[in-house]
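Please keep the picture open while you read.

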Amino acid sequence: MKSYKNFSEILLGIAIFYQIFITSYWQTVYTSHIWQGIGYFIYLILFFIMLFFFYKGKFKLNQLLYFFICIMITIVFLVKGDSYIGTLFLIGSYVLILNVEEVLKVYFVSVLTAFSIVAMLSLAKVFPLTTADGTLVFGFRNQNTAGFYIALVFIIYLTLRWQLRNTVTIILGLVLSFFLIKALNDFTAASIILVDILFYVLDKSFHAIYKWTLVRWLIVASPILLTAITFWIGFNYTRYSILSTLNVIFTSRPMIWNYYLTQYPLSFFGTNIGEVTFNTIGNGAFDGAYAYYALVHGMFAFCIIIIILTKSLITVSKSNNVKMISLMMTLIVAAFSENIPFTGFQSPLLPIAILISVMDNRILRFK
């Protein structure tokens, strides 16, 4: 059974690696549908491996119920043509056969490997190294994607080695943050690293602060609060002048949220906003997972995501696990300005949240 489990980790790693690789600049150069077909074939293998483990494994009735709900959501959204939500819940169902540490190790190796290969191809001039204005993208289609992967690899590494108080690791994080700001102009990715380092350095102090009821409630309610703030800003952007200041700080995101939320209706299964182009507001960008997922993927999927995040935070808060609180809160806050933290193959946030919500908190106990 252990050999099968090792195989399941390798297969998940291949799926994550492949999706990151083909959504790099590769997707722009090689447009054949065969590449997407290979991705679906890998996910199909994941599906059958997952069924095998649930057939052979010992799971509680409520865990089996959650599993089948995730599978039904996967099927509904894949049939609907929403591969992002479909694959998100497929990966979320698949990781139920693993624990948190195993999932983080798979994402660490897969993301690092995919990023390294794409970056090397950009250095070899197979993919573009920079944008037209000279900003480094390392073979990805924008600097925010490259920056997020760099930040994600670092914070996962920090989480896995949390108990080792290593000054070199802190220095490395500070250097990476400086690099992200100067070379990629990516303040969000730099902030992800800096916030996680802050948690890391203040670990013992945070244990004391975390005993405060208000702090616990704010952490648990953070997905709901960030959703409310996003929608309030989006619908009230033109009413209050102070929001113009936020627009500068968050690089036009409030203005973009206002445009899309007021021009397109929120719906149960998502709204087709058409193909964005560089002639549309914000150059076609629509970043901020709390606005984007609610509008594009629909309120049904979005509400389930928020419920899963909240439920997982309740479990994590009871375990008093600072490193998991740090990892999850860093990505949850990052989703305020970026979509990537909510994407199943690009970020472990939601797969881990599903895992924590369905299984008991023993999965959080790793060194």
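This is a predicted model: local features need pLDDT of at least 70, side-chain atom pairs count only at pLDDT 80 or more; totals for chains, interfaces and linings use all residues.

Residues are numbered from 1 along each chain as its sequence is written, and side-chain values use heavy atoms, with hydrogens and water left out.

**Cavities**

- The structure holds two cavities of 30 Å³ or more. A cavity here is a set of points, on a 1 Å grid over the protein atoms alone, where a 1.4 Å probe fits but cannot get out. Grid points are joined across faces, edges and corners, and a volume is the space filled by probe spheres set on the points.
- The largest cavity contains about 40 Å³ of space. Its lining is made of N144, F148, D186, T188, A189, I192, E338 and I340; lining residues have an atom within 4 Å of a point.
- Helices α7 (143-160) and α9 (187-201) each supply at least two residues of that lining, and α9 gives the most, with three residues. Helices are DSSP runs (H or I, at least four residues), numbered from the N terminus.
- By class, the lining of the largest cavity has four nonpolar, two polar and two charged residues. Ala, Val, Leu, Ile, Met, Phe, Trp, Tyr, Cys and Pro count as nonpolar, Asp, Glu, Lys and Arg as charged, and the others, Gly among them, as polar.
- The second largest cavity contains about 30 Å³ of space, and Y157, L158, R161, L164, N166, T169 and Y200 line it. This lining divides into four nonpolar, two polar and one charged residues.

**Helices α4 and α5**

- Helix α4 (residues 61-80) packs against helix α5 (residues 83-94) at an angle of about 160°, with their axes 7 Å apart. Axes are lines fitted to C-alpha atoms, for helices over the stretch in contact, and angles run from 0 to 180 degrees between N-to-C directions.
- That angle makes α4 roughly antiparallel to α5, a term for angles over 145 degrees.
- In α4, F67, C70, I71, I73, T74, F77 and L78 meet S83, I85, G86, T87, F89, L90 and S93 of α5; contact means heavy atoms within 4.5 Å.

**Helices α6 and α17**

- The axes of helix α6 (residues 100-123) and helix α17 (residues 349-358) cross at roughly 170° and come within 10 Å. This makes α6 roughly antiparallel to α17.
- V100, V103, L104 and Y107 of α6 make the contact with P351, I352, L355 and I356 of α17. By class, that contact has eight nonpolar, no polar and no charged residues.

**Helices α11 and α13**

- Helix α11 (residues 213-236) and helix α13 (residues 253-263) have axes 7 Å apart and pack at an angle of about 80°. That makes α11 roughly perpendicular to α13, a term for angles of 65 to 115 degrees.
- T230, F231, I233, G234 and F235 of α11 make the contact with P254, W257, N258, L261 and T262 of α13. The classes here are six nonpolar, four polar and no charged residues.

Technical notes: On a 1 Å grid over the protein atoms alone, a cavity is a set of points where a 1.4 Å probe fits but cannot get out, and a pocket is an open set with protein on both sides within 12 Å along at least five of seven lines; lining residues have an atom within 4 Å of a point. Angles under 35 degrees count as roughly parallel, over 145 as roughly antiparallel, 65 to 115 as roughly perpendicular and the rest as oblique.
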